Amino acid sequence: MGKSLCLSLCFLVLFHGCICIAQQQQEKQQNKCRISRLSAQEPSNRIQSEAGVTEIYDHNNQQLQCAGVAVVRYIIKPRGLLLPSYLNAPQLMYFIQGRGLQGIMISGCPETFQSFQESQQGVQQEGEQEEQQREQQGGHQFSGDQHQKIREVQEGDFFVVSTGVGHFIYNNGNNRLIVVSVIDISNDANQLDFQPRRFYLAGSPQNEFQQERSPQESSGSNVFIGFNAEHLAEAFNVDAQLIRKLQGQNDRRGNIVRVEGGLQAVLPQRGQEEQGSEQQEDRLLAHGNGFEETICSLRLKQNIGEPRRADVYTPLGGRISGITAFDLPILKGIVKLSARRAFLYKGAMLLPHYDMNAHSIIHAIRGSAKFQIVQNQGRTVFNDVVTAGRVIVVPQNFALMMKAGDSGFEFVAIKTDENGMINTLAGDLSLIRAMPVKAIASAYQISEEQAKELKFNRMEASIAPGRFRSESA
């Protein structure tokens, strides 16, 4: 009886301690959101590698701390490989430019992509002869390769990587591959501290999130370097010389390395019929198909870059596309992020609005726009032009309005909720439009005729076309 009572008290103390820690973390994050002035952030650090550049935005900045995220951008040259790694928090990637391959590694999932000798008779006979020769020479070698599923990615793709999942990116195109990644370090899946932590599996790259480094750590490291080499050799059943390569000793290439001869991965031929089948599968998954997806077969990407995928379109104004847990089921309850991508034409305006249930991390892709952000007391906390490459955080419920410059404006906004929702303050679907005319007139001390103008004059819902001046003007 006494032991049971003691055990119960121990569980009670442990449970109470966990609740206190969670409350402290929540209070710490909320304190970071006491923002009186916002600013558009440029990368605070650039790490040059053999085959690309990593740009890091200071995750200790008050705005990013408020949103509970870290932001990184990768610029990968053709035949460049972003070394495999995993993170202590989920991330949502957006492919800004180029095309490539995204590899996801999950222990226990089958190696479903396999390549063996061709099935044609002539090639098969030739392959059998080569196989016999290899067996006579070397014993256990086999032809071909097998690995877990590799996904093709391109401009306009959002890609989800869960906490602790190994991943890599390879540029198989002819142009630079540019990717921006938003890491949700405030996610419940992060059981460590409020810091992004990347665990590299190869090379000896500099840790992009470590602010202060000792001279011994200047070249970085991967997780294998901390293990005893002899024990690793036994674990992999290989010789010690190979383990030194595994540990990345004397590797100075950085986190993006060049693949000599290109990466030869097993990929299926993709035809129009397969594309149509995948689109049909996407629609079924968005509405629920009666079967739960396993961790190995989760759909991890969604393309919203094509104009035909726009959720909002205004002629001469622009278009907006979005992705939520309804579109990509892995976002629901696991990653808990969503996103919007918008393209505003010259002079177009994104009407005043605010995020109801999330912070918004905006990354400017191309062009420029004049931003105005207002907090709850009516104070303007940001009133400036945002240009390509900059990041700005719009806290939850802060009102935002933007007007595109002469070159238009393209941006992506990551929301810190799986189903990010907005309310508009002007336009066809706005809060003002939802009010009776009499209530508007009384609230603003105007006539009912003026109230009707305020309510009905702007017919667009989200994007207003730009006002163009004639050349004679």
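Of the 473 residues of the chain in this predicted model, 42% count as buried, a term that stands for a relative accessible area under 20%, with exposed meaning over 50% and partly exposed the range in between (1.4 Å probe, protein chains only). The accessible surface of the chain comes to about 26200 Å², of which 49% belongs to carbon and sulfur atoms; the areas come from the Shrake-Rupley method with a 1.4 Å probe, and for residues only the protein chains shown count as cover. Among the contacts with a separation of 6 or more, 75% join residues 24 or more positions apart, where contact means heavy atoms within 4.5 Å. Because the model is predicted, local features need pLDDT of at least 70 and side-chain atom pairs count only at pLDDT 80 or more, while totals for chains, interfaces and linings use all residues. Residues are numbered from 1 along each chain as its sequence is written, and side-chain values use heavy atoms, with hydrogens and water left out.

The loop between H1 and E1 contains Leu-38, which is buried at a relative accessible area of 4%. Beyond its neighbours within four places in sequence, Leu-38 is in contact with Gln-63, Ile-373, Val-381, Phe-382, Val-393 and Pro-395. The C-alpha atoms of Leu-38 and Val-393 are separated by 7.7 Å, although the two residues are 355 residues apart along the chain.

A search of the whole structure finds 17 salt bridges, each defined as a side-chain nitrogen of Lys or Arg within 4 Å of a carboxyl oxygen of Asp or Glu. One of them joins Arg-390 to Glu-42, with the closest N and O atoms 2.8 Å apart. Since Arg-390 lies in the loop between strand E21 (380-387) and strand E22 (391-394), and Glu-42 in the loop between helix H1 (2-31) and strand E1 (45-49), the pair ties together parts that are 348 residues apart in sequence. Both partners are partly exposed, Arg-390 at 25% and Glu-42 at 47% relative accessibility.

A further salt bridge links Glu-410 and Arg-366, whose closest N and O atoms are 2.7 Å apart. Glu-410 belongs to strand E23 (residues 399-415) and Arg-366 to strand E20 (residues 360-374), so this pair ties together parts that are 44 residues apart in sequence. Glu-410 is buried, at 4% relative accessibility, whereas Arg-366 is partly exposed, at 31%.

Towards the helices, the axes of H7 (residues 437-444) and H8 (residues 448-456) come within 8 Å and cross at roughly 105 degrees, the axes being lines fitted to C-alpha atoms over the stretch in contact and the angles running from 0 to 180 degrees between N-to-C directions. H7 and H8 are therefore roughly perpendicular to each other, a description applied to angles of 65 to 115 degrees, with those under 35 counted as roughly parallel, those over 145 as roughly antiparallel and the rest as oblique. Residues making the contact include Val-437 and Tyr-444 of H7 and Glu-448 and Phe-456 of H8.

Ser-462, in the loop between H8 and strand E25 (463-464), is buried at 13% relative accessibility.

Conventions: Helices (H or I, at least four residues) and strands (E, at least two) are DSSP runs, numbered from the N terminus.
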